[in-house]
Each structure stands twice: as structure tokens, then as C-alpha cells.
Amino acid sequence: MEMTQKRTQKKLRPKKLQQKIKNPKTKNPTKLRLKKEISTLLTQAKMGRQSALAKLLTIMEKTPLTQLPLDRELLTPKQFSLRIGITGPPGAGKSTLVGQMIKQLRKQNLRVGVIAIDPSSPFTHGAILGDRIRYSELVLDPGVFIRSLGTRGSLGGLSSSAYLMLRVFDAVGFDVVLVETVGVGQTELEIMNVADEIVVVLVPEAGDSVQAMKAGLMEIAHVFVVNKSDRPGAGHMKRELEFIAETTPDHKKKPLVIETIATQGEGVNPLVHSLLTLGKEILSSQERNSYKRLQAEAYSLLRQSYEDTIRDQIAQIKTVADLFTLISSKKFHSGKNYSMKKIGK
Ligand SMILES: Nc1nc2c(ncn2[C@@H]2O[C@H](COP(=O)(O)OP(=O)(O)O)[C@@H](O)[C@H]2O)c(=O)[nH]1
Ligand SMILES: [Mg+2]
């Protein structure tokens with residue numbers, strides 16, 4: 001009797017094992033379904049179906065990292081898109097410039113993706129709406145795909161969705177992806193981890209802020225754009241930036257300084273030309289998957305996961321006793337997520 005039971009158990013096991021071997025990380029049926037869906041959507045998106053790409057990006061945005069199945073094509077794409085980060089203070093004309101850059105890139109028949117990362121504002125989503133309207137004439141072009149994305153909470157920073165979405169654009173075969181971020185703090189610096197080239201957009205009146213941002217800007221910029229060059233002070237601003245560029249350490253390439261009038265498309269041609277030329281060099285140098293870059297990506301994702309845990313824990317603190325229970329708990333330093341009930345134990 002016992003023997004037969006054992007045998008039936010044994011018979012059941014290999015099947016499960018087989019499935020595990022086939023799908024090492026996807027024993028969970030929801031995950032398995034998602035894996036198939038991602039694969040189908042990827043195939044469709046590659047054939048140019050915009051709705052499939054939209055769905056794929058939504059999956060990346062909405063699925064918690066732990067629920068997301070690994071996809072071979074996403075992890076090891078056959079080609080990389082050139083990622084251009086465009087950052088700078090609000091109102092500098094980044095979105096207008098992005099719109100003009102898309103037009104130029106399309107003239108060269110390049111497929112262009114855009115991720116616009118707006119600070120998540122509790123009051124209004126006006127910025128996102130504004131961008132959408134300005135971009136609207138481009139939305140009908142099948143060679144262009146634009147997606148707006150919020151930053152992560154008050155701490156800013158790129159959300160994990162941004163990293164995953166960029167991998168989707170690679171896998172689908174986009175030539176260029178423009179990532180627009182507002183240059184305030186964390187996001188501005190984190191964009192370095194994902195972009196091949198960084199464009200810092202400034203305006204003639206931004207003299208003082210240039211002084212303040214000097215160090216940080218120097219570190220990240222490949223190109224400084226003085227936009228709104230139709231306004232007084234543009235020449236002065238350009239010279240100031242060129243002066244800063246001169247102080248670049250020898251091992252680093254000096255950033256370019258380019259004047260533009262985004263509203264009229266002026267200066268956009270030289271900007272795009274420089275970015276593509278430099279981009280070719282960068283992509284062929286195989287820096288894209290350097291371990292430093294992957295570590296930076298891992299850092300951002302880990303930090304985000306820890307921040308989520310911290311936020312959950314903070315939400316559970318209602319009394320002084322709760323606080324003391326938390327900090328005296330053995331698991332306090334473990335970084336694992338646990339509920340208040342478990343904390344007491
Ligand atoms: N005068 C002038 N206005 C511009 C120029 N580029 C953009 N703008 C205007 O600046 C405002 C902010 O532009 P927007 O692209 O939304 O800036 P963003 O916040 O950096 O994305 C809009 O009203 C644009 O029309 C420019 O070159 N010259
Ligand atoms: Mg904008």
C-alpha cells in the first residue's frame with residue numbers, strides 16, 4: 001500500500017520537474033501566461049503594430065518586478081537603440097525640442113521612441129497633457145512611439161518601468177529613443193545610467209542656475225543646448241558654457257554647445273547630426289552592457305525595492321509603541337518586507 005502511494009507521488013514529480021526545467025523561473029501560472037503574452041506582443045510589435053507595443057509597455061509599467069517573467073529577447077536584444085537623454089529645468093523647451101528632433105530623425109527614416117518622464121504631481125497632470133498635445137501631430141506616424149511616465153514618488157528617480165521600457169524599445173528594433181526628464185535632482189543624474197548621450201537644455205536667462213549646477217552638469221552633459229536663442233543673452237550663455245566645457249578633464253570628451261530655437265526648428269539639424277555621429281561611436285564601443293552600467297541599473301532597481309518596503313513599514317506606524325516594536329525587532333535590518341503582526345514576534 002505504502003509502496004503504491006510512493007510510486008504515484010514519484011510519478012507526479014517528474015512532470016512538475018520537467019515543467020520547472022522548461023520554465024525555470026515560471027512555475028507560477030500567471031507568470032507563465034504573462035511570459036507567453038509578452039512573447040506574442042513582442043513579435044507583433046516588431047512587425048510594427050503600435051497597439052502591441054503600447055500593451056507591452058503597459059505590462060512593463062504595471063507589473064511588479066517580482067511578477068515579471070524573464071524574457072530572453074528582452075534580456076539579450078539583437079540590437080540596441082541609441083538612447084538620448086534630454087534633461088533641463090521645466091519650461092526650457094525640452095518637449096518642443098524633442099518634437100523637432102523627432103521630425104529630423106524621421107527624415108532619415110529612423111524609428112523613434114520617446115519616453116517623457118514627468119514629475120508625478122499630486123495636483124495636476126497638466127504637464128503630461130501639454131506634452132501630448134504638442135506631440136499630437138507626430139502620434140499618427142507609425143515610425144514614432146511616445147509614452148509619458150511618472151517619476152517615483154517624492155524622491156524622484158527613474159522608475160523600474162523606465163528601464164524595462166527601454167529594453168522593450170531595444171528588442172522591438174527602434175533606432176533612437178529620446179528620454180525627456182525634468183532636471184531636478186535624482187532623475188537628472190539617474191538618466192546617466194540609461195542614456196548613451198545626455199543633452200542638457202538651458203535657456204539664456206538660466207545664468208545663475210548654471211553656476212549652481214555646474215559640477216553636476218559637467219559630469220553628465222555630452223551636449224549643452226542653449227534653447228530660446230531668439231531671446232537676449234543667448235550668446236553670453238553660450239560663451240559661459242563653452243568656458244565651462246574647457247575645464248573638462250582630459251580623459252573626457254568636451255561637451256558641445258549648440259544654440260537652438262526649438263519653436264522654429266532652428267539649430268535642431270546640427271544638434272541631431274552631432275548626436276547621431278557621437279552615438280555611433282558610443283554604441284560601437286560596446287559600453288551598453290558594461291558591468292558598471294548594469295550595476296548602476298541594479299542599484300536603481302534595488303533602491304526602489306527597498307524604498308517600497310520602507311514606505312510599507314512606515315505606513316504601519318501609528319503609535320510610539322509601533323515605532324519601538326519596529327526598531328527593536330530582530331528583522332529591523334533585514335530589509336525584508338513583513339507585516340506588523342510578524343514584527344512583534
Ligand atoms: N521663445 C521661445 N520659446 C520657446 C522655445 N522653445 C520652446 N519655447 C516655449 O517654451 C515653453 C515651454 O516649452 P516646453 O517644450 O513645454 O518646455 P519643457 O518643460 O522643457 O518641456 C512653451 O511655451 C514653448 O512654446 C524657443 O526656442 N523660443
Ligand atoms: Mg516637457
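Modeller: Gly85 stands opposite Ile198 in strand S5, where strands (E, at least two residues) and helices (H or I, at least four) are DSSP runs numbered from the N terminus. This is a predicted model, in which local features need pLDDT of at least 70 and side-chain atom pairs count only at pLDDT 80 or more, while totals for chains, interfaces and linings use all residues. Residues are numbered from 1 along each chain as its sequence is written, and chains are lettered from A and ligands numbered from 1 in the order in which they are written.

Four bridges join S1 to S5 (residues 197-202), and the two run parallel; strands count as paired if DSSP finds at least two bridges between them. S1 also runs parallel to strand S4 (residues 176-182), to which seven bridges join it, and there Gly85 stands opposite Val179.

Seven of the seven residues of S1 (residues 82-88) are buried, so the strand is largely enclosed by the rest of the structure; buried means that 20 or more other C-beta atoms, placed from the backbone, lie within 10 Å of a residue's own. Both faces are covered, with Leu82, Ile84, Ile86 and Gly88 buried on one side and Arg83, Gly85 and Thr87 buried on the other.

Leaving aside neighbours within four places in sequence, Leu178 is in contact with Ile84 and Ile86, among others including Val98 and Met101, contact meaning that C-beta atoms, placed from the backbone, lie within 7 Å.

Terms used. Two residues are in contact if their C-beta atoms, placed from the backbone, lie within 7 Å. A residue is buried if 20 or more other C-beta atoms lie within 10 Å of its own, exposed if 12 or fewer, and partly exposed in between; C-beta atoms are placed from the backbone.
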